[in-house]
Amino acid sequence: MIRVLGMMSGTSLDGVDAAMIDTDGRRIAGFGRAGFRPYSDNESAVLHAALGAWPDEAGVAEAAEISVAGHAALAADFPEAELIGYHGQTLAHDPKGRGTHQAGNGAALAHATGRPVVWDFRHEDVRRGGEGAPLVPFFHWACADWAAGQGLLPRAPVAFLNLGGVGNISWVDPRAPAPEAAGACLAFDTGPANAPINDLMRARRRLAQDRGGALAGSGRADMDIVAAFLRHPYFQRPPPKSLDRDQFSMLPDAVAGLADADAAATLVAALAGAVAAGWRWLPTPPETLLVCGGGRHNAAIMAALNAALETSVQPVEAAGLDGDMLEAQAFGWLAVRVLRGLPISGPMTTGVPEPVCGGRISHPRRPGRGGDIFRQQA
Ligand SMILES: Nc1ncnc2c1ncn2[C@@H]1O[C@H](COP(=O)(O)OP(=O)(O)OP(=O)(O)O)[C@@H](O)[C@H]1O
Ligand SMILES: CC(=O)N[C@H]1[C@@H]2OC[C@@H](O2)[C@@H](O)[C@@H]1O[C@H](C)C(=O)O
């Protein structure tokens with residue numbers, strides 16, 4: 001078993017999540033402490049300005065420095081970690097074109113923390129023809145396996161919906177022997193989630209988010225706009241498929257003429273409509289949809305999902321999991337899989353032709369505690 005710290009800074013650009021998890025890269029042995037370090041207004045502004053940039057373009061070096069410094073500061077609170085899984089900051093994602101770009105530097109983080117760092121999780125998948133995203137589905141399979149083992153969920157297919165800046169859904173069957181086994185997982189990005197809502201709040205109210213969904217809850221969705229949005233070819237395309245943060249620029253444009261509350265309500269209805277549009281791709285309709293990520297704190301989103309779907313929609317806490325830390329835990333679990341040479345994606349999650357391991361491992365110049373886990377490998 002390895003005590004690993006997973007670290008994630010997602011597309012909503014609000015800060016860095018960190019969570020400890022004990023795992024052999026297959027089963028989850030236990031969850032540990034977690035932490036969050038928000039980006040300052042200045043850091044967030046630099047990251048926002050760099051969105052869309054590819055390596056060596058303007059603003060990327062500064063964004064990478066902010067990423068490494070923010071992660072190193074938070075990792076210092078977790079001296080018990082033998083290994084760190086570091087996602088980096090996605091600035092651009094175009095898997096069928098220019099590739100995928102996570103700003104950051106795992107070698108610099110290894111040096112700063114004295115711990116080995118697994119990073120650059122997405123490139124190898126893209127290089128081999130995959131979407132490079134979503135990568136959390138194999139971990140969702142492990143969560144379903146863990147929850148079934150704890151008696152918190154039946155050992156049956158279940159779906160996880162992650163609502164960060166972008167939404168992604170994983171259908172998983174914990175009766176399968178491993179996440180890469182045939183029939184174990186099917187996953188894809190559903191559509192925009194919190195990113196357009198945050199952008200609306202920032203532009204119109206100078207706020208970072210619609211806290212609790214209060215504004216959206218007081219408005220009325222324009223269903224003509226939602227219907228037009230759902231005619232986008234993305235929703236007709238079968239998985240695998242993944243999205244860049246700002247791929248649906250027509251959505252903010254379409255709500256530009258609406259009052260604030262109605263605009264927020266329309267974005268929420270579009271989010272739920274996109275999830276419902278993806279439902280047909282799931283191998284079987286799951287009895288439960290477990291919602292994780294910040295969007296589950298938005299009551300208007302949860303109500304819209306309940307209205308749009310004929311299934312039990314619940315926060316992932318119903319299965320004993322921490323919905324704010326699931327992605328950070330995922331990149332800890334995936335880091336151990338990289339260390340052990342186990343696949344982190346496959347045909348049914350990213351569309352890569354064969355299951356692929358990927359990831360890079362960087363060692364600190366002066367090894368700290370991490371040396372032990374490499375001796376365990378031998
Ligand atoms: N109390 C709340 N009320 C409403 N919305 C919230 C609340 N808490 C979080 N959110 C929303 O969730 C977002 C953060 O979600 P999360 O941390 O899951 O995203 P992320 O990890 O950055 O993105 P991604 O999963 O796309 O990589 C916030 O930016 C906000 O939009
Ligand atoms: C390229 C990239 O960073 N994509 C993110 C983003 O945020 C949500 C969705 O789009 C998902 O595809 C992915 O994140 C999660 C952690 C994933 O890879 O599963």
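Reply: Start with the largest nonpolar core, which has 115 residues. Met7, Leu267, Val268 and Leu334 touch the most other members. A nonpolar core here is a set of buried Ala, Val, Leu, Ile, Met, Phe, Trp, Tyr and Cys residues joined through C-beta atoms within 7 Å. Buried means 20 or more other C-beta atoms within 10 Å of the residue's own; exposed means 12 or fewer, and partly exposed is in between, with C-beta atoms placed from the backbone.

This is a predicted model: local features need pLDDT of at least 70, side-chain atom pairs count only at pLDDT 80 or more, and totals for chains, interfaces and linings use all residues. Residues are numbered from 1 along each chain as its sequence is written, while chains are lettered from A and ligands numbered from 1 in the order in which they are written.

Helix 10 supplies the largest share of this core, 11 residues. Helices (H or I, at least four residues) and strands (E, at least two) are DSSP runs, numbered from the N terminus. Domain 1 (2–135 + 325–377) and domain 2 (152–319) both contribute to the core, so it lies between them. The domain bounds come from an automatic or database domain assignment.

Now helix 10 itself, residues 260–278. Of its 19 residues, 14 are buried, so the rest of the structure largely encloses it. Its length agrees with expectation: at 1.5 Å a residue it should span 27 Å, and its end C-alpha atoms are 28 Å apart. The expected span is 1.5 Å times one less than the number of residues.

Which residues does Val268 contact, leaving aside neighbours within four places in sequence? They are Gly213, Ala216, Ala221, Ala300, Ile301 and Ala304. Contact means C-beta atoms, placed from the backbone, within 7 Å.

Strand 11 (residues 312–315) holds Ser312. Is Ser312 buried or exposed? Ser312 is exposed, with 12 other C-beta atoms within 10 Å. Beyond four places in sequence, Ser312 touches Glu287, Thr288 and Leu289. Thr288 is 24 residues from Ser312 in sequence, yet their C-alpha atoms are 4.8 Å apart.

Step back to the two domains. Their C-alpha centres lie 24 Å apart. The contact takes 22 residues from domain 1 and 23 residues from domain 2. On the domain 1 side, strand 4 and helix 12 (326–340) each supply at least two residues. Strand 4 gives the most, with three. By class, that side has nine nonpolar, nine polar and four charged residues. Ala, Val, Leu, Ile, Met, Phe, Trp, Tyr, Cys and Pro count as nonpolar, Asp, Glu, Lys and Arg as charged, and the others, Gly among them, as polar.

The ligands come next. Both domains give residues to the shell around ligand 1, so ligand 1 lies between them. Of the 23 residues around ligand 1, Gly10, Gly164, Asn194, Gly293 and Gly294 come nearest. A residue is near a molecule or strand if its C-beta atom, placed from the backbone, lies within 6 Å of it. Helix 6 (residues 194–205) gives the most to this shell, with three residues. The shell has three nonpolar, 16 polar and four charged residues.

Ligand 2 also lies between the domains, as both give residues to its shell. There are 17 residues around ligand 2, and Thr90, Ala133, Pro134, Val136 and Val166 come nearest. Strand 4 (83–94) and strand 8 (166–172) each supply at least two of the shell residues. By class, the shell has six nonpolar, nine polar and two charged residues.

One backbone detail belongs here. Ala133 and Pro134 are joined by a cis peptide bond, with omega about -10 degrees. Pro134 sits in the loop between helix 4 (123–127) and helix 5 (137–149).

Notes: Two residues are in contact if their C-beta atoms, placed from the backbone, lie within 7 Å.
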